Amino acid sequence: MRKNLKYFPVQPLLALFPDGMGDRVIGEHFGVSRTIIHRWRHNPTCAIDEYTADRYAILMGMHPLEIWPDWISMEETA
């Protein structure tokens, strides 16, 4: 496992769900409790590590780069 994990904000992930969708429904989609989704919605500084972000993007049928444009940084490609 890498020592220096990258972290990504959860707001772009939540933005993929329709307005008004309940915390419980979103939580079930990711396999987390509704209280975690509630925390994400009400704390704009919440972030998830790159491995969790990758897993959640796959659950959405997407590549993480589609959700977080800075998924691949210039440092990693050099």
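From the N terminus on, the elements of the chain follow the order β-α-α-α-β-α-α-α, a total of six helices and two strands. Helices (H or I, at least four residues) and strands (E, at least two) are DSSP runs, numbered from the N terminus. The model is predicted: local features need pLDDT of at least 70, side-chain atom pairs count only at pLDDT 80 or more, and totals for chains, interfaces and linings use all residues. Residues are numbered from 1 along each chain as its sequence is written, and side-chain values use heavy atoms, with hydrogens and water left out.

Along the principal axes, the C-alpha atoms of the chain fill a box of roughly 40 × 25 × 20 Å. Of the 78 residues in the chain, 29% are buried, where buried means under 20% relative accessible area, exposed over 50% and partly exposed in between (1.4 Å probe, protein chains only). Among the contacts in the chain with a separation of 6 or more, 61% are between residues 24 or more positions apart; a contact means heavy atoms within 4.5 Å.

Helix α2 spans residues 23–30, and its buried residues are Asp 23, Ile 26, Gly 27 and Phe 30. Seen down the axis of α2, these residues fall within an arc of 100 degrees, so they line one face of the helix. The arc is that of the directions from the helix axis to the C-beta atoms. The buried residues of α2 pack against α1 (11–14), α3 (34–42) and α4 (50–59). Just after α2, Gly 31 has a positive phi of about 75 degrees.

Two packed helices are described by the angle between their axes and the distance between the axes. For α2 and α3, the angle is about 110 degrees and the axes are 8 Å apart. This makes α2 roughly perpendicular to α3. Axes are lines fitted to C-alpha atoms, for helices over the stretch in contact, and angles run from 0 to 180 degrees between N-to-C directions; those under 35 degrees count as roughly parallel, over 145 as roughly antiparallel, 65 to 115 as roughly perpendicular and the rest as oblique. On the α2 side, Asp 23, Arg 24, Ile 26, Gly 27 and Phe 30 make the contact, and on the α3 side Arg 34, Ile 37, His 38, Trp 40 and Arg 41 do.

The structure holds seven aromatic pairs. Rings of Phe, Tyr and Trp (its six-membered ring) pair if their centres lie within 6.5 Å, and planes under 30 degrees apart count as stacked, over 60 as edge-to-face and the rest as tilted. One of the pairs is formed by Phe 30 and Trp 40, tilted, at 6.4 Å centre to centre with 55 degrees between the planes. Phe 30 lies in α2 and Trp 40 in α3, so the pair ties together parts 10 residues apart in sequence. Both residues are buried. Ring pairs link Phe 17, Phe 30, Trp 40 and Tyr 56 into a cluster.

In α4, the buried residues are Glu 50, Thr 52, Ala 53, Tyr 56 and Ala 57. They cover an arc of only 155 degrees around the axis, which puts them on the same side of α4. What covers them includes β1 (7–9), α1, α2, α3, β2 (47–49) and α5 (64–67). Thr 52 has a relative accessible area of 14%. Thr 52 and Tyr 7 are 45 residues apart in sequence and 9.2 Å apart in space, C-alpha to C-alpha. After α4 comes Gly 61, with a positive phi near 75 degrees.
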